Amino acid sequence: MSDHHGYSEKDVQREVSELEAQSATAARIFDLRRIIGGLFVVYGIIVTIAGINPSDADLDKAEGVNINLWTGLGMLLLGIFFLAWLKLRPVVPPPVQAPKDEA
């Protein structure tokens, strides 16, 4: 029986391949490394900009250390690490198991 409920085997295979492609796309989009890396890069840029020209009061509070600059650069490096990790080791969705016929 290749024709079940009006669908041919070719239609079913095409639908399965489309769903697999959508699943792979969703896995890439919602990868936590992308979200974490992106947020760290954005916040790292903001904090680094705040640390470029610190006020004397800010330096006095941090005992002479430009904490915004160093924290911002650290956040940038961590965000770049996550994004590089995502690029070098992309998500591979698990193979789809064929449904077992129940007899």
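Contact here means heavy atoms within 4.5 Å. The structure is a predicted model, in which local features need pLDDT of at least 70, side-chain atom pairs count only at pLDDT 80 or more, and totals for chains, interfaces and linings use all residues. Residues are numbered from 1 along each chain as its sequence is written, and side-chain values use heavy atoms, with hydrogens and water left out.

The protein chain has four helices and zero strands. Helices (H or I, at least four residues) and strands (E, at least two) are DSSP runs, numbered from the N terminus. The order of elements from the N terminus is α-α-α-α. Of the 103 residues, 15% count as buried. Buried means under 20% relative accessible area, exposed over 50%, and partly exposed in between (1.4 Å probe, protein chains only). Among contacts between residues at least 6 apart in sequence, 75% join residues at least 24 apart.

Two packed helices are described by the angle between their axes and the distance between the axes. Helix 2 (residues 32-52) packs against helix 4 (residues 67-88) at about 155 degrees, with the axes 7 Å apart. Helix 2 is therefore roughly antiparallel to helix 4. Axes are lines fitted to C-alpha atoms, for helices over the stretch in contact, and angles run from 0 to 180 degrees between N-to-C directions. Angles under 35 degrees count as roughly parallel, over 145 as roughly antiparallel, 65 to 115 as roughly perpendicular and the rest as oblique. The crossing of helix 2 and helix 4 is left-handed, meaning that the near helix is turned anticlockwise from the far one by less than a right angle. The residues of this contact comprise 17 nonpolar, nine polar and two charged. Ala, Val, Leu, Ile, Met, Phe, Trp, Tyr, Cys and Pro count as nonpolar, Asp, Glu, Lys and Arg as charged, and the others, Gly among them, as polar.

R33 lies in helix 2. R33 is buried, at 11% relative accessible area. Leaving aside residues up to four places away in sequence, R33 touches F82, L83, W85, L86, R89, P90 and V91. The R33 side chain reaches the backbone oxygen of R89 at 2.9 Å. A polar contact of 2.8 Å joins the side chains of R33 and D31. Such a contact is a pair of N or O atoms within 3.5 Å; within protein, one must be able to donate a hydrogen and the other to accept it, and residues adjacent in sequence count only if both atoms are side-chain atoms. R33 and F81 are 48 residues apart in sequence and 9.3 Å apart in space, C-alpha to C-alpha.

Y43 is also in helix 2. Its relative accessibility is 46%, so Y43 counts as partly exposed.

E63 sits in the loop between helix 3 (56-61) and helix 4. E63 is exposed, at 75% relative accessible area. Its phi is positive, about 55 degrees, although E63 is not a glycine.
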